[in-house]
Amino acid sequence: SIYEMFGNECCLSTGEVIKVIGFKINKLIASICENNEVSRFSAKVELPLNFPGLYKVVADKTPYTSIEEITRKVPIGPTRIGHPCFYSPEDIKLENLTVKRGEHITFNSVEEVNGIIAVNCGVVRNKQTHSFTLPLSQEGKFYECEDDQIYTLKEIAEWKIPKCRNRVVKLSNTLHTWDSSNPLPENFGGCLILTPVYEVQAVMKFRKDIVHILSDLDVEVKDITDCYDISSFLQPLCLEDVFERTSKEFPMVAEIMEGPSGSQKHYNLLHTGKENTIYKKYQATRVLASEIRSDSLKRHFLIPLSYKGKFKRRPREFPTAYDLEIARSEKEQLHVVATKAFDSPHKELFSVSVGDQFLVEQCQTSEVLYEGRKKVIDVLACEQILSDTYKKVFLPMYMEGGFVEVIHDKKQYQLSEICKEFRLPFNVKVSVRDLSVEEDVLAAVPGLQFEEEITDSYLLISSTSSPSESWEIPVYRLNMLVHLLSKDVQTVVPPATKTTVEEIGEEQYYMVRRYENQTLHPPPRPPKKP
């Protein structure tokens with residue numbers, strides 16, 4: 001019979017042998033939530049996984065009863081998003097460590113140690129991580145910890161919905177303006193109960209593509225795993241699976257079973273049925289950059305250090321004196337002009353007028369009179385630029401004003417020079433486009449802010465039939481499936497590598513910023529009162 005549901009067509013004949021390779025959430029059914037229960041007045045709405053918005057996960061109040069149950073129901077993966085946290089209401093006594101009740105236990109990975117499957121865990125005490133393992137047989141009550149991160153619906157579907165459970169989420173950021181096609185109420189900022197609708201991913205004997213079967217399809221099946229040679233089926237691998245192979249197994253030849261969606265040039269190598277040589281896996285550095293503009297419709301880019309264009313500096317903007325201290329460097333003195341007035345509540349500190357110019361010196365302490373008593377507070381020492389002289393002044397670190405940088409440097413810089421000589425974030429514009437590519441997407445952007453350097457995982461590939469050039473493809477941002485072919489690699493040395501500027505969407509931008517280089521984020525600003 002031929003079944004069609006929601007655009008998925010599949011022919012299942014009596015006696016057909018199917019190898020199930022996985023389960024995947026196809027979509028989410030959302031209901032408005034009140035006090036962790038479905039509202040009586042709420043209609044259920046269907047949300048695709050690419051539905052815009054960022055969400056906070058509400059911790060599940062139902063405990064897990066063993067480590068084995070957690071590993072069976074909760075996704076645990078190699079990146080931070082796949083490291084769930086739990087706590088126990090009772091102490092857990094181990095051989096070399098006692099995990100105290102209420103301590104946050106991070107589950108990092110599941111491994112077999114001396115024939116026993118266990119979970120590699122960690123607790124943080126005094127900024128030090130203490131590692132240990134918990135066997136699957138460990139019983140007790142384990143509750144989810146509160147999670148202050150934000151996620152896209154796709155991330156929640158992949159990592160944050162345990163098997164056989166629903167998930168409550170709170171809308172944090174809509175990312176897009178509301179319109180009549182939005183299934184959620186206008187200005188909605190409450191909680192949703194998400195119920196997953198699964199699909200079965202399978203392969204068939206004489207098909208090279210992946211078959212997607214909705215889980216509510218009315219068909220009877222029989223488990224014949226123990227009496228059938230499953231090695232005769234193709235073995236689909238995602239890019240993460242390929243990346244986890246040992247370096248000795250590269251190079252290899254792979255055929256695309258299910259290609260990604262996308263329009264970038266090297267994606268032409270990745271359509272279904274295409275054979276490619278995968279030469280090696282490695283980590284590569286990118287600079288995360290965003291378009292400078294006042295509205296929220298910014299474009300975001302990942303720029304390789306091999307980018308051959310040149311940049312000129314653009315003025316940075318600083319909302320507080322504290323931001324000036326963070327941006328200050330030994331290489332050159334920071335020169336700024338005030339764009340917002342500030343009246344100091346202390347006579348010992350300077351009141352700023354629009355147009356005042358300053359050379360930023362350093363952070364130090366100063367005595368001020370506060371509620372009749374002297375108090376020592378942090379201040380930013382600056383030199384105010386007057387018409388024919390300089391005046392030493394002190395600005396409170398909490399000062400909420402506004403400053404714009406005055407640029408004296410007219411030099412043109414390569415990307416690698418900027419990363420080496422300056423502290424990020426750093427504002428630039430392209431002054432000489434990259435002539436090694438047909439179209440330089442950065443050249444048309446009026447201003448860019450380099451936000452941070454990140455390290456990401458890549459595979460180097462080329463077309464097996466015409467290996468004239470090789471391309472870097474990101475492991476964690478392309479959803480595709482391949483199967484390996486038992487073919488000899490004709491060209492062991494990869495051809496010239498093409499690295500491209502990758503434009504990423506808003507959701508991918510938030511994911512990159514959240515999981516990469518978290519130590520670079522500045523500490524919280526000082527309080528507004530001494």
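Modeller: A residue counts as buried under 20% relative accessible area, as exposed over 50%, and as partly exposed in between (1.4 Å probe, protein chains only). This is a predicted model, in which local features need pLDDT of at least 70 and side-chain atom pairs count only at pLDDT 80 or more, while totals for chains, interfaces and linings use all residues. Residues are numbered from 1 along each chain as its sequence is written, and side-chain values use heavy atoms, with hydrogens and water left out.

Colleague: How many helices and strands does the protein chain have?

Modeller: Helices (H or I, at least four residues) and strands (E, at least two) are DSSP runs, numbered from the N terminus. Of the 530 residues of the protein chain, 42% count as buried. The count for the protein chain is six helices and 34 strands.

Colleague: Which strands stand at the edges of the open sheet of six strands?

Modeller: Two strands pair if DSSP finds at least two bridges between them. In this sheet the order is 7-14-8-11-12-13, with antiparallel pairing. A strand with a single partner has one side left without a neighbour in the sheet, and this is so for strand 7 (64–66) and strand 13 (128–135).

Colleague: Which residue is the bridge partner of V123 in strand 13?

Modeller: Strand 12 (residues 116–125) and strand 13 run antiparallel and are joined by eight bridges. Within strand 13, the partner of V123 is H130.

Colleague: How many residues apart in sequence are the parts tied together by K27 and E46?

Modeller: A salt bridge is a side-chain nitrogen of Lys or Arg within 4 Å of a carboxyl oxygen of Asp or Glu, and the side chains of K27 and E46 meet in one at 3.2 Å, N to O. K27 lies in strand 3 (residues 18–34) and E46 in strand 5 (residues 45–47), so the pair ties together parts of the chain that are 19 residues apart.

Colleague: Which residues are linked with R313 in a network of salt bridges?

Modeller: The side chains of R313 and D409 meet in a salt bridge at 3.3 Å, N to O; this pair links strand 22 (residues 310–313) with the loop between strand 28 (400–405) and helix 5 (415–421), 96 residues apart. E405 forms a salt bridge with R316, the closest N and O atoms being 2.9 Å apart. E405 is buried, with a relative accessible area of 5%, and R316 is buried at 11%. The residues linked with R313 in the network are R316, E332, E405 and D409.
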